[in-house]
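Please examine the sequence and the structure together before reading on.

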Amino acid sequence: MQYERLVEWAKSVWQERYPDVEALTVWASGDCSNKIAQSKIKAGRRLRGKARYDGFEVLECDIITPISDCGLRNQRVVLTATSGAYAFRFIDHKGETFEVIYISSYFDDDVQDLTAVALVPEGRLDTWSAFEGLCSKTVRPRIKRRRDVYIIGGIDAFFDPSVEWDDVILPDDLKRKISDDVESFFNEGVGIYKDLKLAPFRKLLLAGVPGTGKTMLCAALAKRALDQKRLVVYVSGADRDGASFDKIQRAFQAVASAKFPTLLIVEEFDAYLRGDDKARILNVLDGVESPNNAKGSMLLATTNYPEAIDERLVKRPGRLDRIYIIPPIQDETQALAMLKHYMGEHWDESHSVITPDLVDQPGAFVREVALQARMLAAHNHQREVTLELLQQSVRNLSQQMKAERDFLLQRRPTGLGFGNKRDRRF
Ligand SMILES: Nc1ncnc2c1ncn2[C@@H]1O[C@H](COP(=O)(O)OP(=O)(O)OP(=O)(O)O)[C@@H](O)[C@H]1O
Ligand SMILES: [Mg+2]
């Protein structure tokens with residue numbers, strides 16, 4: 001569908017109805033034909049500039065096929081973006097009525113955005129643009145009420161921001177750097193960005209092989225954000241829509257309209273950078289569409305595949321401001337801290353013998369070793385977890401990982417050393 005055909009059709013309707021009135025042909029917002037806007041904005045609604053909206057008429061149109069999206073709003077499924085042809089009526093402050101002829105359509109199957117044009121009588125652009133603005137505001141997911149965590153693309157169970165900062169075991173200086181980055185941005189940085197006339201939006205990427213604690217770190221940072229009365233928006237790729245650009249856009253809109261400092265978390269960020277979406281993401285990360293929330297917003301993204309993230313994203317500061325590598329266990333001190341944590345009350349000094357075997361493993365490995373040993377001890381009615389059980393658990397898990405790795409490498413080399421994330425979880 002070419003936009004010229006939309007214009008041609010709108011002009012023919014105009015000609016039929018108002019042959020003596022001049023009209024301007026303008027690009028219009030696809031939000032005017034959104035069903036949410038149409039159901040929420042009632043006839044009689046006052047617009048900026050003292051005009052009033054007076055309802056709409058659905059127009060017969062043989063060049064487009066109306067079609068609607070549906071989505072969740074306030075836990076209910078409703079019709080949302082819709083292509084269609086309408087006459088919108090308005091009444092000005094003197095009581096004169098006038099119409100705008102509007103048509104929206106999808107250009108092709110791969111483009112998700114609506115293209116819309118409108119024929120607006122001369123001198124009526126102010127009213128029309130006030131109406132468009134109202135439609136867009138109504139359609140946008142807005143954060144009006146204070147709620148803790150907003151999940152885009154899933155249910156609350158997908159993300160649990162209850163992890164304590166102290167339970168994340170990583171090198172101290174790395175934890176401190178990340179924490180300083182977040183706090184200095186929200187406390188002092190927002191003002192500095194504004195002084196420089198920049199939108200206060202900072203973007204961090206946590207990169208690392210599976211199981212090193214990236215999700216845990218996000219959850220701990222989210223918990224701290226909530227404790228500081230900041231909002232958390234979490235984008236989940238776990239529902240049937242997967243990783244779609246639409247979700248990122250919705251998240252950005254929600255963040256922009258939030259009246260609070262906001263932490264936006266997007267896990268497995270690489271999954272959103274596919275095909276055409278990659279270019280669109282580049283644009284929204286540093287373009288005019290990037291969220292301009294006066295209280296400050298921070299994007300916290302995670303990935304297993306930093307190499308899948310576009311060079312243009314990684315190499316140009318401003319698109320992603322900082323990349324923090326979240327490493328596997330670095331040394332025996334860290335291994336010991338992790339093991340003690342997961343052994344809990346079953347910890348015994350003799351267990352420290354296995355710490356050299358834990359270096360270079362992800363935290364998830366230690367958790368599984370400890371869990372398996374503790375379960376086996378309980379199963380054998382042993383009150384204590386012996387060093388032998390722990391060593392056996394390390395051997396079992398290492399063998400199992402090796403077997404899985406060999407199996408996966410036979411099928412498809414991954415080059416990451418931990419197998420494919422979706423194939424192996426700890
Ligand atoms: N640094 C860590 N400190 C404490 N526990 C950890 C750490 N890393 C991993 N774990 C344990 O392993 C589990 C899995 O880790 P997590 O899901 O955070 O890894 P991830 O880096 O997000 O992995 P993926 O890349 O596969 O998403 C955690 O829930 C936690 O129990
Ligand atoms: Mg994760």
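How many residues of strand 11 (residues 262-266) are buried? Five of its five residues are buried, and the strand is mostly covered. A residue counts as buried if 20 or more other C-beta atoms lie within 10 Å of its own, as exposed if 12 or fewer do, and as partly exposed in between, with C-beta atoms placed from the backbone.

## Basis of the model

This is a predicted model, in which local features need pLDDT of at least 70 and side-chain atom pairs count only at pLDDT 80 or more, while totals for chains, interfaces and linings use all residues. Residues are numbered from 1 along each chain as its sequence is written, and chains are lettered from A and ligands numbered from 1 in the order in which they are written.

## Domains

The domain assignment of the protein chain gives domain 1 (3-139), domain 2 (149-325) and domain 3 (332-411); such bounds come from an automatic or database domain assignment. The centres of domain 2 and domain 3, taken over C-alpha atoms, are separated by 32 Å. Seven residues from domain 2 and eight residues from domain 3 make up the contact, two residues being in contact if their C-beta atoms, placed from the backbone, lie within 7 Å. On the side of domain 2 that touches domain 3 there are four nonpolar, three polar and no charged residues. In this classification Ala, Val, Leu, Ile, Met, Phe, Trp, Tyr, Cys and Pro are nonpolar, Asp, Glu, Lys and Arg are charged, and the others, Gly among them, are polar.

Five strands form an open sheet in the order 1-7-6-5-2, with antiparallel pairing. Its edge strands, each pairing on one side only, are strand 1 (23-28) and strand 2 (52-58). Neighbouring strands are turned by 25° against each other on average, direction ignored. Helices (H or I, at least four residues) and strands (E, at least two) are DSSP runs numbered from the N terminus, and two strands pair if DSSP finds at least two bridges between them. Strand 2 and strand 5 (residues 85-91) run antiparallel and are joined by five bridges; Glu-57 has Ala-87 in strand 5 as its bridge partner.

Two helices lie across strands of this sheet. Helix 3 (residues 125-139) lies across strand 1, strand 2, strand 5, strand 6 and strand 7, and runs at about 150° to strand 7. Axes are lines fitted to C-alpha atoms, for helices over the stretch in contact, and angles run from 0 to 180 degrees between N-to-C directions.

Another open sheet has six strands in the order 8-10-11-12-9-13, with parallel pairing. Strand 8 (149-152) and strand 13 are the edge strands, each pairing on one side only, and the twist averages 20° from one strand to the next. Strand 9 (residues 201-207) and strand 12 (residues 297-303) are paired over seven bridges, with Leu-205 opposite Ala-301 in strand 12.

Strand 10 and strand 11 pair over five bridges, and Leu-231 has Thr-262 in strand 11 as its bridge partner. In a regular strand the side chains alternate between the two faces of the sheet. Both faces of strand 11 are covered, with Thr-262, Leu-264 and Val-266 buried on one side and Leu-263 and Ile-265 buried on the other. Helix 6 (residues 245-257) lies across strand 8, strand 10, strand 11 and strand 12, at about 170° to strand 10.

## Nonpolar cores

A nonpolar core is a set of buried Ala, Val, Leu, Ile, Met, Phe, Trp, Tyr and Cys residues joined through C-beta atoms within 7 Å. Of the 65 residues in the largest core, Val-233, Leu-264, Ile-265 and Leu-300 touch the most other members. Helix 5 (residues 214-227) supplies the largest share, seven residues. The core lies between domain 2 and domain 3, because both give residues to it. A separate core of 34 residues includes Ile-41, Ala-116, Leu-134 and Val-139.

## Loop residues

Lys-229, in the loop between helix 5 and strand 10 (231-235), has a positive phi of about 65° although it is not a glycine. Lys-229 is exposed, with 9 other C-beta atoms within 10 Å. Asp-360, in the loop between helix 10 (355-358) and helix 11 (363-379), also has a positive phi, near 75°. Asp-360 is partly exposed, with 14 C-beta neighbours inside 10 Å.
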